[in-house]
Structures are given as C-alpha cells and as structure tokens.
Amino acid sequence: MDEQQIAILLEAASRFPRPQGVKLSYGTAGFRADASILSSTVFRVGILAALRSLKTQAVIGLMITASHNQVSDNGVKVADPSGGMLTQEWEPFADSLANAIDAEDLVRLIIEFVKKENIQFGVKSAEILLGRDTRPSGESLLEAAKQGINSIVGAVATDVGVVTTPQLHWMVRSRNKGMQASEAAYFEQLSNSFGCLMDLKPKETTANVMDDKLTVDGANGVGGEKLEELKNFLKEIVIDIRNSGKKGGVLNEGVGADYVQKEKVVPHGFGPNDVGMRCASLDGDADRLVYFRVLSESNKIDLVDGDKILSLFALFIQEQLSILNKENMEAKNGYPVRLGIVQTAYANGASTDYLKKLGLEVMFTPTGVKYLHEKAAEYDIGIYFEANGHGTILFSEHFVSWLEGKNIEFDKTSKGSEQQKAALRLLAVSKLINQAVGDALSGLLLVEAILRHKGWSIQRWNELYQDLPSRQLKVKVADRTAVVTANAETVVVKPSGLQKVIDAETAKYPQGRSFIRPSGTEDVIRVYAEASTQEAAENLAKSVAQHVDQFLGLGSN
Ligand code: NG1
Ligand code: ZN
C-alpha cells in the first residue's frame, strides 16, 4: 500500500467516526444493529469488500439489510465470488475493522492484513455489487458503503438498487461465471425453468386436485415488490400478493415468515375469508419462505415450515433419481448419486424421522446458513433448510454435466422416455433453485411446481408427517458469549452445570428435547423445546429459560 492510498483511507475514515461503547460482531448474517449506529460499520465493510475483490480478483457483493428484524434496524453482509457468504476466514478481520477505535487504528489494521494476505493493488481493478432492501435507512448506508469502496484505489461500486438478498447473491455468482447478471435475466431463468417443470408434469395429474391460487404475504418488504414483477413472467400460476408494502404497512410488523413461523398465527391482512387456502409468507429480504393454511378457529394456522419444504423437495428429488437410475443401474452404467440432507437442531424431530425413514442421509450443523451450505456442497445434490424457511438445493457441477450428457444420450436412444423426463426435471430444478443462497422466490416456484406435478393440496403436503409440538423463547442476558455449545449446538459446554439442569428438565417430558444457544443476530440466548404436547413443550421451554436466567440473567441490574 503506497502513501497516497494510506492518505485517502485516513481522510475517508475520519468522516465515519465509530460510535462509542458499541461492540459489533459479524454474526450468523453479517453485522446487524439499530440503523442509527451503523454508518461507520458499513463504510468499513465497503473497504473489506473492495479488499476481498482485489484478493479474489472477482466480483464481490455487499447487501444492506436486517432481514426479519424490526424496520429501525439495519445490517450489512458480504457475498463471496461463488455467491455464498463471506469466507469464515475473513470474519475475524471484519470484526476487528468494525471495532477499530479510530481512523489510525483502522488503517493500521488494514495495512497489516493486506501484508498478511499479500493483496496486490493496481494489478486488477475491484468490483463490488451493492444492493439494499426497502428499509428507509438503506439509502444513506449504501452511500457509506460506496465511500468505503471508493477509498480503495481501483475499486468500483456498482449499485444494483433495491433487490432481495438472494437476487444480489445470484447476480454476484452469475457475473463471476461470465453470465448475464441483470434482474431481467434472473426473472427469465426462474420463469423458464418453472415453465419447463410445468411442461414435464405427468399427463395424468388432474389440474383440479389443488386450488390454483396462491396467496402470499410479502412482509411489507422487497420480496412482495419483486414477486409482483416476477408474476408478469409466469403464465401457469395465479398469485395474490398482500403486505407488499405499498399500502403503508410496516416491514416485518405482524407480518412475514419469521413472525408466522415463530408465533404460528396469521399475518396481518389474512383472516376468516382465507380459511383452507394455500398461503405463503416471505421474510423482509426474501431469503426465507414458509407456507401456511388458515384454520377456521381464531387466528390459528397450520404452519408448513422449512422442514416440510425440505421434505417435499427431498421426496421429489429422490423420486426423480430413482426413475433416472432404474435403467441405468440395470445397465451397470448408473451414477451413484450422493444425495444429502442438512438440518440444524431447530429441525422438528418428526421431520428428521421422516427423512431417515425415506432412507436419506441426514446431517446436522450449527445454526447459520454458512454452515449448512458448506455441508450441502459436499454432495452431488445437497438439500439444506433451516426450520425458519431458509434453504436451497445445491447441485455439484460434475453432476449437472453428467445430467446434460445423459440428456444428449437419451435424445439418441430413447427420446421422450420417462428417464429423459426425470433428467430434464432435475436439470430444471438446478436452474430454478438458487445455487448461491436460500431464495424465497425460487423456493416458492419449486414448491408450486412440485404440488402441481403431484396434484397435491397444501393439506396433503402437510400430512407428510405431523410436527412435534415445539416452543421457542428468548432470554435477555448480560453477555450472550458466556454460552458456549458443542455438537451442532445440542450441548452446552459453558457455563458448566447448565447442561445437566437442561437434561434433568427434559427427562420429565415424553419425547422431550431442548437446547439453548446464543443468537448471532440479537443480544439474547435462544431456547428451543419440543415435547409430545403443546403444553409440555411450553412448560419445558419456560423452565429451561428460567434456568438460563438464573445462570446468566440480567438479575436486578
Ligand atoms: P440467530 O439470531 O443466530 O438465531 C437467526 C436464525 C438463523 C438464521 C439467522 C440469519 C433462528 C432460530 N435463527 O439467527 O437460523 O436464519 O437469523 O437470518 O431462526
Ligand atoms: Zn432474511
């Protein structure tokens, strides 16, 4: 780094002083906090993104969003060249940048890091795609990110405007693969592959088996807006969008996937007129998706969560693989496809049982899509989902090329055969479903395609298995980092003695299961409990939460 570069950085950094007394950490989904204290953090992440682009010599993404958090919060996260989350190796650097005391401290850290990573300046230019959700604070934070990027000589910021988080990740991935990365290209890819799946529907599936119409809760955020646009590209499907943010509703307030999944009640804008209908809910940046059906009594719903979306996807993929492999295996030229399922401790126990009964390999990782994604990428087809509705299906490049080759072979030997259709369906899924991150819009189209393929109603889908009753609670503590867990977050290692108490409580309930972990996005300890009845799950969660409070609580302070 030359003198001129150092001078530019010092000058720019002095315009973004860090607020006193705030310590931020790059958690499960980047930095998140009240928007009013975030400009210096976003400015610094802009610098980090530019350095990452110089290091990888590829396009990097920077997204400004706080997903399902309240509208006054905001956040920032970085997308790596593959379109996935920022490599975990750089997270400590992100933490130290965000917490550097002043401009001098910040520049000292940058100089050290640049040396350690051997980042070359002036060899190639850096490019960063910038996106934001609909939060009012997004515009000024985006400006802070631009200034961070511009303080690295040779770095260029490309503003892609208001987009969903998965759109930005998709664009980064596409750019780095030398493909079209515009929003129109995204809509076209989704609608074309959806159309392909519709064309390949079995003839015998009667269209009337399910209601045609889908009603979507857009969380008053960017997802509703984008779905309105995507709708124009879709012929075969009727979508009614509510809470699109246009009529003055507040982002994530009583609406959205997080609210629906955690509270298990209808979002605003839904009511008795929707009883029995197939409904879906997106979160604030449209990377989560859950379905639900409104029940006749009060505001209760049948929740069809991420675990059930995962199960539907797994069932469909497994069916297609078995059609495809039937003849191949007999001809001894089959491909031993490795299909893997990845869940977290939040997955409903009944879903894990169901998937295992299908004969599938189920793996567990800690919470946070970076962990799930990494694990799923080890398979030819890896399906991962968090219960909250964030997930996708990853196809290995090797498997996709094998499928393409197979399709050409079928053209010559058995055009139009069931095997060829199965291969084409799998290829269409690999294009429809976002390969970079979980994407509510592409997930929604895949659910809709599979339900139409099978001729299933939401009720039929929901009956794949019955969820064990569960309850989630949060406990505010003085220091959430005091809780350390192991075994994919199922065991508390610190504070010592707490796990023993949780075990003792859990043992009191048939089919009881409970665990705690520090949140990566809020200053709380999360408590999860599952048991054979709702009352038992509530009681178990409550008593575990009380113990957490006794061990770590804020007390009278
Ligand atoms: P934290 O706050 O670490 O629990 C939440 C979700 C994660 C993930 C991130 C990112 C739960 C219990 N946790 O993380 O699964 O989606 O937000 O959005 O839903
Ligand atoms: Zn989200």
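Predicted model: local features only at pLDDT ≥ 70, side-chain atom pairs only at ≥ 80, totals over all residues.
Side-chain values use heavy atoms, without hydrogens or water, residues are numbered from 1 along each chain as its sequence is written, and chains are lettered from A and ligands numbered from 1 in the order in which they are written.

An oxygen atom of ligand 1 lies 2.6 Å from an N or O atom in the side chain of R526, an oxygen atom of the ligand is 2.5 Å from a polar side-chain atom of S519, and for the side chain of N388 the corresponding distance is 2.9 Å. Taken alone, ligand 1 exposes 430 Å², of which the protein buries 94% (accessible areas come from the Shrake-Rupley method with a 1.4 Å probe; for residues, only the protein chains shown count as cover).

The shell around ligand 1 holds 16 residues, the closest being R517, S519, G520, T521 and R526 (near means that a heavy atom of the residue lies within 4 Å). This shell divides into two nonpolar, eight polar and six charged residues, where Ala, Val, Leu, Ile, Met, Phe, Trp, Tyr, Cys and Pro count as nonpolar, Asp, Glu, Lys and Arg as charged, and the others, Gly among them, as polar.

## Backbone features in loops

K494 and P495 are joined by a cis peptide bond with omega about -5°, and P495 is found in the loop between β17 (491–494) and α17 (498–506) (helices, H or I, of at least four residues and strands, E, of at least two are DSSP runs, numbered from the N terminus).

N487, in the loop between β16 (484–486) and β17, has a positive phi near 50° although it is not glycine.

## K264 and the second largest pocket

K264, which is found in the loop between α9 (257–263) and β8 (279–282), likewise has a positive phi, near 55°, in a residue other than glycine. K264 is also among the residues nearest the centre of the second largest pocket, together with L303, D467, P469 and Q534, in a lining of 27 residues. That lining divides into nine nonpolar, seven polar and eleven charged residues.

Definitions and conventions
Polar contact = N/O pair within 3.5 Å; in protein donor to acceptor, adjacent residues only side chain to side chain. 1 Å grid on protein atoms, 1.4 Å probe; cavity = no way out; pocket = protein on both sides within 12 Å on 5 of 7 lines; lining within 4 Å.
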